[in-house]
Amino acid sequence: MPKMVRWGLPILLLMLLGGVYWGTAPAVKTTEAAKREFTDSTGRRVQIPARPQRVIALNASNLDLYYAAGGQVIGRPTTVALSAELLEKIKSIPQVGETSSPNLEKIVSLKPDLVLGVDAPFHHALVPVLEKAGIPILLQALPNYQSILQTIRQYGELTGNVDQASRSVAEIEAAVSRGKAKIAGKKTARALVIWGSPESFNMAMPQSFAGNLLTLLGAENVAQLSVAATGPMPYMPLSLEFIAKADPDVILLITHGADERVSEKFRKDLADHPAWQGMRAVKNSRVHKLPYQLFAVNPGTQVGVAVELLVGLLYPEAKR
Amino acid sequence: MKTLGIDPRVDLRNWILLGGAGLLLIAVLLGVSTGAVRVDIGEIIDTFRWSADVGENYQIIYNIRIPRVLVGALVGMNLALAGVILQGVLRNPLADPGIIGVTAGAGLAAMAVLILWPEQTFLVPSVAFVGALAATGLVFLLSWQDGINPLRLILAGVAVAAFFGGGMSALMVFHSDKVQGTVNWMAGGFQGRSWEHVRMILPYTVVGVSGAMFCSRYLNLLNLGDEAAKGLGVPVERVRFALIVLAALLAASAVSVAGLLGFVGLIVPHLTRLIIGSDSEYLTPCAAVFGATLVVLADTAARLIFRPVEIPVGVLMAFLGAPFFLYLLRKGVRK
Amino acid sequence: MSMSLAAHQLTLAYGEKVVAPDMSITFDKPEIVGIIGPNGSGKSTLLKALSHLIRPVAGRVLLQGENIAGFSRRKVAKWLSILPQAATAPGDYAVYDLVACGRAPHRGVFAALSPEDCRVIEEAIALVGLEQLSYRRMGTLSGGEKQRAWLAMALAQQSSILMLDEPTTYLDVHHQLEMMQLIQRLHTELQLTVIMVLHDLNQAIRFCHRIIAVKNGRIFADGDVETVMTVEQMRQLYGVEMIITQILHEGKKQLVCLPHDVCLPH
């Protein structure tokens, strides 16, 4: 009997090999709808319907921006990082899984004609299978403020609701202008944004989203002073001594994850930590936490709220 | 003419093998019929008829589920076989594919791509494969001394793994915001696996399985110790080298397609040994079949338990498999 | 089965360390040979060199007149069987499985056990008296039974020369005697040449036709029992004062050796 198995298993596998390599499957029928070419953030040129009717968004930002451009989705990610009113709107739309692990079967079964994802490996991995199924996918990176406006305008063309898109853009720009106006003429604030915990942290560089906002508001990001600022990484593990020397006016904290208690603990730990005691920001109680969904990931249309919050923290006297 | 009577174990072992094959078949069918979307047997059968008129779930069955289940089975087979070979050749019950550097090399290579060039994610399997073999080659180079000394190989493997592990940590520290993109691959899983992946791993499975089956006699002889094996005419150095290369190919192809799926290469050989004994002629095919079944069942469960959220397969296997294995150890099952 | 095995001016070394500078011996007829000598004198090394397990730094080993270095392992295995010291097998190998391993040099890599193979295996098991335990696992056997199983494996090789490295060291006196009597019987029935490294001098005296004494990597003495086992030679070989005398047992004279006292090193 072992002889049978010894020959049987390899032969079976060989047959499978033959079938897999030389078998063919019928081609997927493509629809006759009008198409356009869209270049996503990664530089991929994708053929998508000129007016997509069945859109699935795989992450909060894309969902938010698509609605801001006057669109709707038929499938959404399992996330709460959205504004309350948007959450209410999409309550009954089918979920396709968490952003970092979307369920392929669910996506395909909803028969979308466009999928919006992010420039991250877990969405890149979906591309081959979705292509086979004839479903186009766009991978968008939203690294900074400008990209928000740009993306809303692009989505406006897809939804056909260019007016709505323009309105959303205008709203956002207005909110940002208001924030800037409040602080016009004030002394430049010196700030540091940390991500992590008091024992193991990274600083937000200008390329990160939070860093980008700081630059937008004309604040000085202390992390910029380091030589490492010339590198491309958005977060860097800078030395504590460097920070102590730079001595920022205000320290802002982001923890990964949306749990409020964790952020609060982070803030307390930092303020109590002996190594940080000597800094001006700690002494003046100017250590604040930033909400994850507004600063760690791109908040989309809520960037106005983010800016306002930031203004209040950087220039407390500007509140009046 | 057997005057000593029929070997009482042969029948039982054959039944166990047959049973294992049957179990694998059931597992595969179960895997293909399970998922976020309901499909029935009729639709599954229709998929194989390649008629021009395809049902609405055709895409899901043909392009998502079947390749996923197949990749799972092949990965399980490859990893289990690699484990059997390495444990036999290195005479170390704790040997698994990671011990020769495969996991470290694949991990570093894949992580580099995922973090630094995420738009080339489709390259990850090939890059991981090359990385795995490069690491194994390094381990060989470091430990070569007129042939392969098992202890030196293991020590070199540990050193290389540590070195590459350091590389991975460095990547994680300096790109902490991108780490999440790598987590799924590092844990090991079959999300999004397609016919491409099947094509990548299948040739190695064919070669590996054939090689392992035909060399099971050598594994039996190597179990007797180097001197006894040499005394019996086994060209020990050459055989050891060839078998380790075979194990490296099996493991590298599996890891490149599934990610760093641990546990299978280490535990499945032991599990199989407890059930069917140390005779490699039976142990090898049985481990292959059991490995495939385990991975397919685990993947199916991983998709099912919290649907539509999928747990990484490696996590599930560790949680369920380790206690089960401990239980078997305590019972000391022997047939 | 006529055979000849000879070593010509062997120099044996482990890495840098030369263990045996110059050894020459010849075996050309079926006989039981005992190799004795102090620890570290090179006995096991000699055995390994003769069986092609290690390569000599200089000199040659000739098997049937040809240099053994030119033979493949398989070819050597058809002529020589070697039982290493403290050999271990996985606990769940059955006796039958272990003995079947002895057929390896005669089987193709892919071939299953032929009827001829099975016959040889069963014969070997019968020769050592383990028929009742054919399918018992090695892990459940006593020391003596295990050694007999290994012996059966060596017999299944159907070789002309049997090399045993300390075959009785780990056995109790009952099993030691059993083993030696078995070896003697096998030699007589199968006309095997048996070359064994022994520590027990009385076993060497009683069961061997020829004794080779090794000291510091050189052949100290080589001849029949009476010639080699003298008080003076033992004093020089081991640094031990021995009483060597003949005793009468059941009408037959038997040489025995009693280590008596340690003497000064020389």
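A salt bridge joins the side chains of Arg65(B) and Glu105(A) in this predicted model, with an N to O distance of 2.5 Å. This pair falls within the 4 Å limit applied to such bridges. The count between chain A and chain B is two salt bridges. Residue pairs in polar contact between chain A and chain B number four, where both residues are at pLDDT 80 or more.

The largest share comes from α1(A), which gives 12 residues to the side of chain A that touches chain B. Sorted by class, that side of chain A holds 29 nonpolar, 11 polar and seven charged residues.

Contact between the chains involves 47 residues of chain A and 55 residues of chain B. Between chain A and chain B an area of about 4,600 Å² is buried, and carbon and sulfur atoms give 69% of this area.

Within chain A, the domain assignment gives domain 1 (25–179) and domain 2 (183–319). The C-alpha centres of these domains of chain A are 30 Å apart. Domain 1 of chain A brings 19 residues to the contact, and domain 2 of chain A brings 16 residues. The area buried between domain 1 and domain 2 of chain A is about 1,300 Å², with 64% given by carbon and sulfur atoms.

Across the interface of domain 1 and domain 2 of chain A, zero salt bridges are found by the rule. Two residue pairs in polar contact are found across that interface, both at pLDDT 80 or more. On the side of domain 1 of chain A that touches domain 2 of chain A, at least two residues each are supplied by α2 (60–68), α7 (145–159) and α8 (162–183) of chain A. The residues on this side of domain 1 of chain A comprise 13 nonpolar, five polar and one charged.

Notes: Residues numbered from 1 in each chain as written. Chains lettered and ligands numbered in written order. Predicted model: local features only at pLDDT ≥ 70, side-chain atom pairs only at ≥ 80, totals over all residues. Heavy atoms only, no water. Domains from an automatic or database assignment. Contact = heavy atoms within 4.5 Å. Buried area = accessible area lost by both parts, 1.4 Å probe. Polar contact = N/O pair within 3.5 Å; in protein donor to acceptor, adjacent residues only side chain to side chain. Helix = DSSP H or I, 4+ residues; strand = E, 2+ residues; numbered from the N terminus. Nonpolar A, V, L, I, M, F, W, Y, C, P; charged D, E, K, R; others polar.
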